[in-house]
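Dear colleague,

Please find below the structure I promised to hand over. My notes on what was found in it follow directly after.

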Amino acid sequence: MSLSIPDRDWYKAPVGAEKLWIGLALIWCLVMSVMMPYWHFRGKQNSRGEAYAVTPAAFYERAEQFVAANKVGERDGVPIVEPAPGGEAYLVARMWGWYPILKLRQGETYRVHVSSMDLNHGFSLQPLNMNFQVLPGYDHVLTLTPTSKGEFTIVCNEFCGIGHDRMIGKLLVE
Amino acid sequence: MTTLAAAVPTALDAPGARSRRCDTTGLSVCLTAQLFIKLAAVSAVVFLLLGGVAAILLALTRWQAVHLLRVDWFYRILTFHGLNMLIFWILFFEVAILYFACTVPLNSRLFSRKVAWVSFAMMLTGAVMVNVVVLAGKADVLMTSYLPLLAHPGFYLGIILVAVGTLVAVFNFFATLHIAKRDRAYEGTVPLVTFGALAAAIIAVVTLLHGAIVMIPTFTFSMGWTAEPDPMWYRMIWWGLGHQSQQVNVCAMVAVWYLVGQLATGAKPVNETVCRGAFLLYILFINLASAHHLLVDPAVGATWKIWNTSYAMYLAVLASMIHGFTVPASVEMAMRDKGYVKGLFGWVTALPWRNPAFSAVVLSILIFGFIGGITGVTLGTQQINIIAHNTLRITGHFHATVVGGTTLAFMGLAYYVIPLIFRRDFVWRTAARVQPWLFGGGILMVSLGMSFAGSLGVPRRSYDIEPAGVFGPAAHLFLGVMGLGALVAVAALLLFCILCVGTLLFGRPNSGRAMADWGVAQRVPGVKAGLFEHDHWAMKGTIALTAVFLACFAVYYFANWKALADVWPAQ
């Protein structure tokens with residue numbers, strides 16, 4: 001009985017169906033454990049967490065230089081910036097918007113640096129549904145390879161104050 | 001410690017012990033423990049009610065067709081809801097379970113009345129303080145309060161008080177175990193329920209220490225005394241508190257499963273060693289939980305993420321899967337022993353379904369296992385987190401575990417706690433029989449609505465999805481399902497509160513006689529007990545059920561890898 005003191009000889013090794021289930025469950029746990037390192041080497045989507053310490057001011061300065069050097073247009077006052085294929089790109093998160101609009105090419109790989117000027121923000125690329133965390137003080141490097149064309153929306157999915165739901169950015173892929 | 005202990009006898013059956021004999025079970029109940037079980041349980045239900053009112057406001061806001069609250073009040077109520085539901089309701093109820101588990105089954109008195117008062121006063125003051133600060137609009141920071149988002153110092157101080165107060169209660173629990181053993185209030189090994197509570201208490205200590213490590217510097221920072229703690233450091237330590245605390249709930253919930261299983265069907269653990277071993281796995285390998293929230297964070301590397309996601313291997317998951325087998329297996333064995341031997345599931349119809357505690361526990365096991373467990377392990381996989389992080393899928397998962405699992409199990413337990421500890425029979429017993437089904441059904445809708453909306457990318461903790469302009473009719477539909485489910489679940493929650501309060505006020509006292517029985521499984525006339533005692537394959541229904549479970553798990557898990565493979569390559 002679960003509520004009463006067990007008999008003196010309560011220690012018994014599992015037998016029968018119980019033993020079978022423990023074995024099956026253990027094998028399943030092993031499969032799941034192996035999947036992550038397997039995907040790390042064979043899969044294409046891995047969050048390595050590559051990041052560098054940076055002050056918000058210094059990050060913003062780099063972003064400004066990046067925008068000035070690569071600007072190709074403007075939409076609603078936000079610059080559209082096209083980094084060199086295979087190159088670096090900068091994305092600033094702050095209450096309540098994303099800066100600038102990145103324009104990427106399908107099939108090319110970019111190192112996108114994301115950091116926050118103020119609070120925690122969430123980088124959620126829709127309708128793809130890819131999500132990363134953005135923190136102040138950390139230059140989070142996302143190595144992205146767009147494989148589909150179109151206009152994508154960046155939604156902030158980490159609470160950052162009253163205007164949080166209006167923190168919307170754009171990402172273009174040609 | 002010795003002077004305190006020497007004043008009164010430890011064993012409850014000793015002459016002069018402050019105890020009473022339970023009219024129903026014949027067990028001795030320590031009067032001090034009983035007082036604090038009452039205080040903790042009543043406070044817990046009050047916080048549950050507060051959280052429930054908040055829940056309905058939130059659901060009606062996120063249900064875009066209604067969109068009830070103003071934006072500032074939405075985040076305020078969201079903060080309030082999370083803290084009251086996930087922390088206050090559950091912690092207070094767990095303290096009640098701890099006090100019960102270390103006294104009644106061990107025939108021991110509670111170690112110290114004074115310590116219990118200190119603990120209760122700290123917890124209550126802290127919780128009230130937090131709620132006042134939040135409702136005053138000075139802490140719209142959500143439950144996680146990620147730095148550099150800053151709240152009023154009273155918010156952090158309140159949480160510290162609750163955490164330390166709980167630690168004091170846990171100390172009282174350990175001290176009671178110690179004196180009970182020392183003074184031989186019982187002989188042999190502690191019962192399984194106490195063992196489960198012990199596992200919960202050990203994890204609680206580790207968890208609450210994380211809370212102290214992260215909240216104290218945040219408090220001093222909010223007072224302007226120290227520099228700002230690093231936001232990444234804050235996240236990491238906070239989740240040592242945040243997710244680990246949920247494993248305390250899991251332990252307590254599993255202990256309740258075993259307890260109610262026994263009360264309603266006479267089930268006994270199929271194998272004590274296996275059940276206890278599973279609890280031991282929780283203690284040793286629960287670390288896996290804390291990393292779940294940092295899987296797409298900067299500055300924590302892939303190796304760290306992989307290791308901490310599985311803690312080298314999913315041994316805590318193994319523990320849950322073991323309980324998921326042993327609990328139904330023990331119930332099935334008890335039923336077969338009573339003579340319900342027909343086919344795979346012949347025993348199921350004969351289960352005491354009219355017993356709300358039992359139906360609550362069955363629903364708790366099913367919702368926790370099939371929805372909460374499977375989604376949780378999958379979402380917490382390092383790479384899969386990319387397609388789920390901070391979406392409503394996360395919320396969908398923990399509403400299945402904490403609400404459909406823990407809260408429902410605790411509600412079920414209350415159908416025994418109130419008649420046995422408050423010694424009053426339930427009023428309106430028909431409504432009580434319906435309540436777990438309503439609540440379970442409602443929360444299932446909430447959980448599924450959230451999960452599907454999250455799969456479409458709908459963010460959690462967001463006031464409005466319209467400005468994003470990317471969420472179509474399907475997302476709105478699922479948010480509507482969530483809203484409707486919340487209406488049902490909160491109605492059932494209110495019903496639960498009405499039943500509890502009504503019973504305390506108007507229930508017929510049952511002191512001097514056994515409590516009115518909720519219904520237990522009856523033996524088929526003429527069937528001898530013990531026929532299946534040594535048949536280790538007799539739990540055929542459970543074998544079939546767990547096979548279905550494993551298949552669902554595998555399908556869901558690999559479907560998520562497939563979904564992940566379809567998004568852009570990212571590192």
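**The interface between chain B and chain A**

Across the interface of chain B and chain A, 38 residue pairs are in polar contact, with both residues of each pair at pLDDT 80 or more. The side of chain B that touches chain A draws most on helix H17 (residues 540–565), which gives 11 residues. By class, that side of chain B is made up of 68 nonpolar, 23 polar and 13 charged residues. Please bear in mind throughout that this is a predicted model.

In terms of residues, 104 from chain B are in contact with 77 from chain A. The two chains bury about 8000 Å² between them, and 68% of this lies on carbon and sulfur atoms. Within chain B, the residues that lose the most area to chain A are B:Trp568, B:Pro569 and B:Gln571, which together account for 13% of what that side buries.

The count of salt bridges between chain B and chain A is two. One salt bridge pairs B:Arg235 with A:Glu158, where the closest N and O atoms are 3.9 Å apart.

A:Asp118 sits in the loop of chain A that runs between strand E7 (110–116) and strand E8 (121–126). A polar atom of the A:Asp118 side chain does, however, lie 3.0 Å from the backbone nitrogen of A:Met95. Neighbours within four places in sequence aside, A:Asp118 is in contact with A:Arg94, A:Met95 and A:Pro136, and also with B:Pro148 of the other chain.

**A buried methionine in chain B**

B:Met123 belongs to helix H4 (residues 113–135) of chain B. Is this residue buried or exposed? B:Met123 counts as buried because its relative accessible area is 1%, where the cut-off is under 20%. Residues up to four places away in sequence not being counted, B:Met123 touches B:Leu91, B:Phe92 and B:Val95, together with B:Leu161, B:Val162, B:Gly165 and B:Thr166. B:Thr542 stands 419 residues from B:Met123 along the chain, and the C-alpha atoms of the two are separated by 41 Å.

With kind regards

Notes:
Residues numbered from 1 in each chain as written. Chains lettered and ligands numbered in written order. Predicted model: local features only at pLDDT ≥ 70, side-chain atom pairs only at ≥ 80, totals over all residues. Heavy atoms only, no water. Helix = DSSP H or I, 4+ residues; strand = E, 2+ residues; numbered from the N terminus. Polar contact = N/O pair within 3.5 Å; in protein donor to acceptor, adjacent residues only side chain to side chain. Contact = heavy atoms within 4.5 Å. Buried area = accessible area lost by both parts, 1.4 Å probe. Salt bridge = Lys/Arg side-chain N within 4 Å of Asp/Glu carboxyl O. Nonpolar A, V, L, I, M, F, W, Y, C, P; charged D, E, K, R; others polar. Buried < 20%, exposed > 50% of the residue type's maximum accessible area, 1.4 Å probe, protein only.
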